[in-house]
Amino acid sequence: MNDMLLEYIDRMIDQEKDHRVFPVEFNDKTYYVKQDISNRRSSWIKPSPRAAFDYEFYKISFINTQLPVAPVIAGFREHYFVTEGSGKTLTYYSELPAQHPDDDSLQDMVTHIFYIFGKTLGQLHDYGLSHGRPAMRDITYDPDTDKITLLDWENGRRWPELTPQGWDLLIFVHSYLREDNLPISYLYAMMNGYSSARTARDTVLHVKDVLRKHECLFKFCRMLNPLHFVDTEAAVKAYDFMLALKTE
Ligand SMILES: Nc1ncnc2c1ncn2[C@@H]1O[C@H](COP(=O)(O)OP(=O)(O)O)[C@@H](O)[C@H]1O
Ligand SMILES: [Mg+2]
């Protein structure tokens, strides 16, 4: 069955040279193909596409031996690997309530999704593992299985003062606060789920310590607020959000 899937992909892949990642429908199921080519985004700060590809393939395989939160690899060839579609992204779900204001049930559903994402991230951290850059567009939810999957495991870089877990938490909070007009309640739902982890409190305290140490940097970002740079504005919001969290 997987051989047929790979042969099907082999026949179509030449037309997908411009897409590093693309979806494939096969036997009524969705799969995603990831190739070892550059996505042309910020290529000068990234390691070579092949190194990133190998790192991600091994990291996904390893993570799934510990905790099933990475996508399921359905097959691979030398220049690509295929994962099973794991649902729509948190970006997609977070926008639903505003798009359908008449449907009250959506807010509860999205609150639930963020809560279980927080729980899943906490579990990963309790295993001593981390994702590297858990941004909203790289986290999916499947309503049929009620399961969160973290995609895109190729990022090994971080702010060296933070533990990998502290970095994950801060990056997610930043990624959430980058989005326009999302209610803060979903982020609190995520933190509620996260706080069920054994290591959560220590991680939050650690992030607070590092942020406080770099107060000057965030003061500088705050001065840039009138210019509305999305990333520095979100950095200031992330700083305020993290420091206001209760840790008693
Ligand atoms: N297994 C999957 N299930 C659902 N969506 C996926 C899957 N793999 C990739 N995607 C979608 O494709 C996008 C790009 O994939 P990703 O692995 O993050 O590549 P990139 O490094 O180019 O960001 C993701 O943000 C997600 O929307
Ligand atoms: Mg990605």
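This is a short tour of a predicted model, stop by stop.

**Stop 1: the two domains**

Colour residues 2-84 and 88-244 separately. The domain assignment names the stretch 2-84 domain 1 and the stretch 88-244 domain 2. Their centres, taken over C-alpha atoms, are 25 Å apart.

Now look at where they meet. Here 11 residues of domain 1 contact 12 residues of domain 2. What classes of residue make up the side of domain 1 that touches domain 2? That side has 8 nonpolar residues, 1 polar residue and 2 charged residues.

**Stop 2: the sheet**

Find the open sheet of 4 strands. Reading across, the order is β1-β2-β4-β3, and the pairing is antiparallel. Select 21-26 and 73-77 to see the edges: these are β1 and β3, and each pairs on one side only. On average, neighbouring strands of this sheet are turned by 25° against each other, direction ignored.

**Stop 3: the β3-β4 hairpin**

Stay at the edge strand β3 (73-77). A hairpin of 2 residues links β3 to β4. Which residue of β4 is the bridge partner of F76? Select F81: that is the partner.

**Stop 4: the helix across the sheet**

Select residues 2-12. This is helix α1. Helix α1 lies across β1, β2 (29-35), β3 and β4. Against β3, helix α1 runs at about 55°.

**Stop 5: ligand 1**

Select ligand 1 and show its surroundings. How many residues surround ligand 1? There are 15, and the closest are V21, Y32, T83, S86 and D152.

Next, colour the whole shell by class. It holds 4 nonpolar, 6 polar and 5 charged residues.

Why does ligand 1 lie between domain 1 and domain 2? Ligand 1 lies between them because domain 1 (2-84) and domain 2 (88-244) both give residues to its shell.

**Last view**

Notes. Residues are numbered from 1 along each chain as its sequence is written. Chains are lettered from A and ligands numbered from 1 in the order in which they are written. This is a predicted model: local features need pLDDT of at least 70, side-chain atom pairs count only at pLDDT 80 or more; totals for chains, interfaces and linings use all residues. Two strands pair if DSSP finds at least two bridges between them. Axes are lines fitted to C-alpha atoms, for helices over the stretch in contact, and angles run from 0 to 180 degrees between N-to-C directions. Two residues are in contact if their C-beta atoms, placed from the backbone, lie within 7 Å. A residue is near a molecule or strand if its C-beta atom, placed from the backbone, lies within 6 Å of it. Ala, Val, Leu, Ile, Met, Phe, Trp, Tyr, Cys and Pro count as nonpolar, Asp, Glu, Lys and Arg as charged, and the others, Gly among them, as polar. Domain bounds come from an automatic or database domain assignment.
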